[in-house]
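Dear colleague,

I am handing over the structure we spoke about, and you will find it just below.

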Amino acid sequence: MSKTWFITGGTPGGFGMAFAEAALEIGDQVVLTARRPDELRSWTEAYGERAFVVPLDVTDAGQVQEAIRAAEEHFGGIDVLVNNAGRGWYGSIEGMDEAAVRAMFDLNFFGMLAVIRAVLPGMRARGSGWIVNGSSVAGLLGATGFGYYSASKFAVEAVTEVLREEVAPQGIRVMAVEPGAFRTRAYAGFADEPITETIAEYRPMLEQVRQEFIDQNGVQPGDPRRGARAVIAAMTQDSPPRRLVLGSGGFDAAVAAIEQNLADIRSSETLSRGADFPVRTSRLGEPEHRPADLGAPL
């Protein structure tokens, strides 16, 4: 039976549209959302009744509820949610404007949560569903100049990890997707976006970061269409992965970062274990543990 997908962030040429087209290729039907839905009207004509465009700004709680309701009324329910909407602003940890930081978390994190919480009641009622959360390689390792973007994606990773365990008994599966550099419009705005850094000492670093993204625009190695198909292939496995890194560069960077973190943790094992209370031994020579030693909350 065909499934209904609900995909946020449906800008032309982006990952949202790539996911939509990949789902339509396998015979499913799609609700594609966008802040400017008129940009997608001509796109839907090729798919007829199987593609439905809904206006949605995920930072608007009222619009989230309306969009979910419209999708459920149109197709009868949502089987797959793809949280794709998001954006990255750059700036230093010290000097980035606080309003920009909050706006990024509203879009990348709280907006995602609003959509998840609106979709879950229907999935729980049917006892099945898929939630695919768009994270980033920057959600696995901190990206210089994008500290707050990384923080928002680390938050996505944490929620995805816990949500997966909470909804598994309800027949709902959850996966994080972590793209590296993909050829979407994401890098196109850097040339026209001025550096607004308030602290002079960080400007050279940010100018270098900005130039790197300008230089990469249009030549990123990742193909969004192939990326979306890889996600669908992962979802259909008997044991789907908990997370899926997309792109060779992203894969190499993620593996290197995780291995470095693991080596760092292991290098301090003596100090880590030495922070426990001394282990007492029983009369039989066996260790006795206090509740705190067994991982009880402090």
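The protein chain holds nine helices and nine strands, and please keep in mind while reading that this is a predicted model. Taken along the principal axes, the box that its C-alpha atoms fill is roughly 80 × 55 × 35 Å. The chain has 298 residues, of which 42% count as buried, and its accessible surface comes to about 16,300 Å², with 52% of that area belonging to carbon and sulfur atoms. If we consider the contacts between residues at least 6 apart in sequence, 66% of them join residues that are at least 24 apart.

As to charge, there are 28 positive and 39 negative side chains in the protein chain, and the centres of these two sets lie 4 Å apart.

Helix α7 deserves a paragraph of its own. This helix runs over residues 224–235, which makes twelve residues, and the distance from its first C-alpha to its last is 17 Å, close to the 16 Å expected at 1.5 Å a residue. Its buried residues are P224, G227, A228, V231, I232, A234 and M235. When one looks down the axis of α7, these buried residues fall within an arc of 160°, and they therefore line one face of the helix. Which elements cover them? The cover includes the strands β1 (4–7), β4 (80–83), β5 (129–134), β6 (172–179) and β7 (243–246), together with the helix α1 (15–25).

Is R102 buried or exposed? Its relative accessible area is 55%, and R102 counts as exposed because the cut-off for that class is over 50%. Between R102 and L244 there are 142 residues of separation in sequence, and their C-alpha atoms are 27 Å apart in space.

The other is S150, which belongs to helix α5, residues 147–167. With a relative accessibility of 3%, S150 counts as buried, because buried means under 20%. Leaving aside residues up to four places away in sequence, S150 touches A138, G139, L141, G142 and A143.

Methods: Residues are numbered from 1 along each chain as its sequence is written. This is a predicted model: local features need pLDDT of at least 70, side-chain atom pairs count only at pLDDT 80 or more; totals for chains, interfaces and linings use all residues. Side-chain values use heavy atoms; hydrogens and water are left out. Helices (H or I, at least four residues) and strands (E, at least two) are DSSP runs, numbered from the N terminus. Buried means under 20% relative accessible area, exposed over 50%, partly exposed in between (1.4 Å probe, protein chains only). Contact means heavy atoms within 4.5 Å. Accessible areas come from the Shrake-Rupley method with a 1.4 Å probe; for residues, only the protein chains shown count as cover. Lys and Arg count as positive and Asp and Glu as negative; His and the chain ends are not counted. The place of a charge is taken as NZ of Lys, CZ of Arg, CG of Asp or CD of Glu. The expected span of a helix is 1.5 Å times one less than its number of residues. The arc is that of the directions from the helix axis to the C-beta atoms.
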